[in-house]
Amino acid sequence: MSIPVALPDLAAALERFGSGFLLTTAGERIKVVVVDPVVEGSSLRVSDPGGGTRANLAANPVLTLTYAPLTPRDHALIIDGTGRVEGSDVVVTPTGAVLHRPASHASEQVADDGCGHDCRPVDSSGSA
């Protein structure tokens with residue numbers, strides 16, 4: 001489940017979460033690298049994620065950035081988007097973002113919104 005979010009809200013969340021994982025694929029295997037995206041206008045720049053990531057994006061521009069919960073049983077940040085190679089860097093155009101955690105990790109009743117998990121839009125403070 002992805003919930004569209006304004007880039008200023010995403011920037012605050014990225015600052016809060018720190019390093020994340022960039023996932024790309026060009027076939028049957030998923031490539032995962034640790035990254036520190038920087039907001040540039042309406043996109044994110046990932047500095048030199050490596051040749052395998054750039055090759056994957058040349059074949060398939062769809063990607064996901066994930067960030068682990070900051071504390072146990074808290075929300076993870078998941079960003080969907082597309083990427084294009086620019087020199088040795090990757091420029092990401094976010095298409096959606098969500099703070100996600102399994103319903104079993106929630107301390108309160110989870111809303112019955114069809115997702116079945118505790119998903120929340122990213123707000124301007126970068127928190128759920």
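Guide: Helices here are DSSP runs of H or I with at least four residues, strands are runs of E with at least two, and both are numbered from the N terminus. You're looking at a predicted model, where local features need pLDDT of at least 70 and side-chain atom pairs count only at pLDDT 80 or more, while totals for chains, interfaces and linings use all residues. Residues are numbered from 1 along each chain as its sequence is written, and side-chain values use heavy atoms, leaving out hydrogens and water.

Visitor: What value is phi of Asp48 near?

Guide: Most residues other than glycine have a negative phi. Asp48 sits in the loop between β4 (43-46) and α2. Phi of Asp48 is positive although the residue isn't glycine: near 35 degrees.

Visitor: Which residues are buried in helix α2?

Guide: Buried means under 20% relative accessible area, exposed over 50%, and partly exposed in between (1.4 Å probe, protein chains only). In α2, which runs over residues 51-59, the buried ones are Thr53, Asn56 and Leu57.

Visitor: Within what arc do the buried residues of α2 fall?

Guide: An α-helix has 3.6 residues a turn, so residues three or four places apart point the same way. Look down the axis of α2, taking directions from that axis to the C-beta atoms. The buried residues line one face of α2, because they fall within an arc of 95 degrees.
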